[in-house]
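Subject: Structure handover and notes

Hello,

I am passing the structure on to you, with my notes below it. Please read the notes alongside the coordinates.

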Amino acid sequence: PTVMTISQLALVDLAGSERTARTGNTGDRLQEASKINQSLMTLRSCIETLRDNQQSGGSKMVPYRDSRITHLFRNYFEGEGKVKMIVCVNPRSSDFDENVN
């Protein structure tokens, strides 16, 4: 018998989510940063809802469809794969609040 393995690899670059007041982004760059930040907030909301459901045994609806990235990762979050995240954190003390968010 032949064994076939099917895999999926998704790479997402969320660079550009830094604060626009500091970067001075305008136009297309500002719009892109805004979309990235919105996607990150939706990702956070999905993770929090999943965690709450897991801890309480609840069944709150997870807002996967609110963002392309969370819709893409839905299968992973529901246990059909693994998610690895690489995060670049700025070590400057003035960026502490941005890194925590």
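The notes cover salt bridges, a pocket and a surface patch. Please keep in mind that this is a predicted model.

Salt bridges

The count of salt bridges comes to three.

- In helix α2, which spans residues 27-56, R44 and E48 sit four residues apart, or about one turn of the helix. Their side chains meet in a salt bridge with an N to O distance of 3.2 Å. R44 has a relative accessible area of 41% and is therefore partly exposed; for E48 the value is 31%, so E48 is partly exposed as well.
- Helix α4 holds R74 and E78, again four residues apart, about one turn of the helix. The salt bridge between these side chains is 3.2 Å from N to O. R74, at 32% relative accessible area, is partly exposed, and E78 counts as partly exposed because its relative accessibility is 43%.
- D52 forms a salt bridge with K60, where the closest N and O atoms are 3.6 Å apart. D52 counts as partly exposed at 28% relative accessibility. K60 has a relative accessible area of 51%, and the cut-off for exposed is over 50%, so K60 is exposed.

Second largest pocket

The volume of the second largest pocket is about 200 Å³. The largest share comes from α2, with six residues. The lining consists of V12, L14, E32, K35, I36, Q38, S39, T42, D66, S67, R68 and I69. By class, these divide into four nonpolar, four polar and four charged residues.

Surface patch

Which residues form a nonpolar patch on the surface? They are M85, V87 and V89, and together they have about 310 Å² of accessible area. V87 is placed in the loop between α4 (74-80) and α5 (96-100). Its relative accessibility is 55%, so V87 counts as exposed.

Regards

How values were computed: Residues numbered from 1 in each chain as written. Predicted model: local features only at pLDDT ≥ 70, side-chain atom pairs only at ≥ 80, totals over all residues. Heavy atoms only, no water. Patch = residues over 30% accessible without salt bridge, like charges linked within 9 Å, V, L, I, M, F, W, Y side chains within 5 Å. Areas by Shrake-Rupley, 256 points an atom, 1.4 Å probe, with all protein chains shown as cover. Salt bridge = Lys/Arg side-chain N within 4 Å of Asp/Glu carboxyl O. Helix = DSSP H or I, 4+ residues; strand = E, 2+ residues; numbered from the N terminus. Buried < 20%, exposed > 50% of the residue type's maximum accessible area, 1.4 Å probe, protein only. 1 Å grid on protein atoms, 1.4 Å probe; cavity = no way out; pocket = protein on both sides within 12 Å on 5 of 7 lines; lining within 4 Å. Points joined across faces, edges and corners; volume = space filled by probe spheres on them. Nonpolar A, V, L, I, M, F, W, Y, C, P; charged D, E, K, R; others polar.
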